[in-house]
Amino acid sequence: MASALESLATELIEHILSHLDGRMIALSSTSCARLAKVVSTSRKLQYKIELYIQGLSEDPQTEQTDLPAAVDALERYKRCWNELLFARAALRTFRFDEHHVYPAGRYLVDLSVEASMARLATIPDDGTELAWRELPMSAIGNNDRQYSTVGLQGLDMLIVLGVDSVTPDGLLWPKVSLLSAETFKPHPLVQQTVLKWPEAAGPVEDVQWEQMGLSGRSLAVTLQQCGTCVIWDYVSGEPLLVHRMEQKSRNWTLLSENTFCWTELTPEGDLVLFAHHLSDGSFHLTGKFAFPKVQHGVFIADVFMSTDDVDELLPAHKLDSRYRFVPSTTGLPYGHDEAPMSDTAVGITLTVMLHEHGNIGALGAREITYTFYTLRSTLLAKQADPERVTPWEEWGPKNTRCLRGETMCIRGCRVVHGSNINDEDNVTSVLSFTPALCRAAAQTKAPSLPRLARDLRGTPVLSPSVITKPAVFETPVHTSLPYLIAPKDDQTLNDEYVTIPRGSITWWEDGRACWTDLTTKENAIHLVQL
């Protein structure tokens, strides 16, 4: 192909290559000197390669602009996500009497009244005041929370759990209502506003929900009282699965539209992650993954899994797209029919209780949090023998990275990580597990890489992390999944930029960064439009 292209005009070569994805453009530049020169001097081709390296694609819902504007937008995205630097001019602060307000999607939610109503305000794009809207919640039994904000990001959907009917003996048939967060009326994307509770799940004594998950077109709900998980196609309203969750496996996540994961503690105290594929109305086990053993006397108090909540929402199912870039590690355009699922980071956070030496009882216990980061593709890969528990030594050291602290939020392969959440010493960091970005950082002198990639800011972490102290695990834990950590360069802070201060809790919504500062007594949310 190179010999045929060499005879063409530079403009024509650039036009032909522009129809390739970023990965193929970068590979084509290694075939001959002529293509290497065309690629290295074309701003358009460099832009497409940089999108691939950053693990991004343009969201087709956003208004397309000329190339210089697109390049500038990408640079702003990188400065925000890779460097935690935000334009001071875009910073807005909302102050409240009490700290009961938090952001979700393009809304602020007031939790001080959650027992009686859903109270939301759309975050204004200009300097106007907040306009609160209220949807009363009916009081049923001891339910103190009957709505979920999991659908606000991207879908602008308020999910309300209520009672459809009551049996003669007083049992309740639940229902799930899908409402527009703007109007509290039926959501415009769904065919059925009310999702009926399947008969196979049976009536319940209490409709208080324990956990909800949303991925692609799948919505999963588990109730506290019965532990039964129901999964619907929320667009069509059809139930996909009714599954009775064991008490030991209540912690779960929808890893993808058709993949359900949960963790269990074995009788011996070992932590195992189970991955199941959903098809034909039932779960099919695809793998079991063991985690490092904890020491005798160390108690695993909680396990929480987190991933990107909106990365599988197709353009047709998104009402709100506030930023022009979406995760797309495949290199193909977002929503492309032939594009495989983009990778995304997954965080498995362990909260353990460690008793201090010489102390007995809860007062002598010390709480420590570790998060194991991996890529979704690792957990989606079907094991040769799904019933066999894959030992930690076989999969963990190369495919995970264990860090002290916990996940604040995940966007594709980028993670906002907190070292000590709810602590004034908390340090917020952006970690990028984007495969192409990590390779670019590790091989900055490779001639096939674009010029932008050779000037990556941040520190690539390629050597293993070793967890030895405090003595939580039986043996030292070595993990080596590569990542890039954003630079901590206070010299770049000036009147033009602001960063997230130490001691902050951070939310990173689609198109916005939000934080609240724990080091001050001010009840405020700081928000930056990216």
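The protein chain exposes about 23700 Å². Carbon and sulfur atoms supply 51% of that area. Accessible areas come from the Shrake-Rupley method with a 1.4 Å probe, and for residues only the protein chains shown count as cover. This is a predicted model, in which local features need pLDDT of at least 70, side-chain atom pairs count only at pLDDT 80 or more, and totals for chains, interfaces and linings use all residues. Residues are numbered from 1 along each chain as its sequence is written, and side-chain values use heavy atoms, with hydrogens and water left out.

Of the 530 residues in the protein chain, 55% are buried. Buried means under 20% relative accessible area, exposed over 50%, and partly exposed in between (1.4 Å probe, protein chains only). The chain holds ten helices and 36 strands. These are DSSP runs, numbered from the N terminus: helices are H or I with at least four residues, strands are E with at least two. Among contacts (heavy atoms within 4.5 Å) with a separation of 6 or more, 59% join residues 24 or more positions apart.

Turn to the sheets. Strands pair if DSSP finds at least two bridges between them. Six bridges join β12 to β13 (residues 218–223). Leu214 has Leu219 of β13 as its bridge partner.

A second open sheet has five strands, ordered β26-β27-β28-β32-β29, also antiparallel. Its edge strands, β26 (406–411) and β29 (459–461), each pair on one side only. The twist averages 30° from one strand to the next. Five bridges link β26 and β27 (residues 414–418) in the antiparallel sense. Glu406 stands opposite Gly418 in β27. Helix α6 (residues 67–83) lies across β26, β27 and β28 (428–432), at about 40° to β27. Axes are lines fitted to C-alpha atoms, for helices over the stretch in contact, and angles run from 0 to 180 degrees between N-to-C directions.

Finally, one residue. Thr390 sits in strand β24 (residues 389–390). Why does Thr390 count as buried? Its relative accessibility is 5%. Leaving aside neighbours within four places in sequence, Thr390 contacts Lys288, Phe289, Ala290, Gln383 and Trp395. Lys288 is 102 residues from Thr390 in sequence, yet their C-alpha atoms are 5.9 Å apart.
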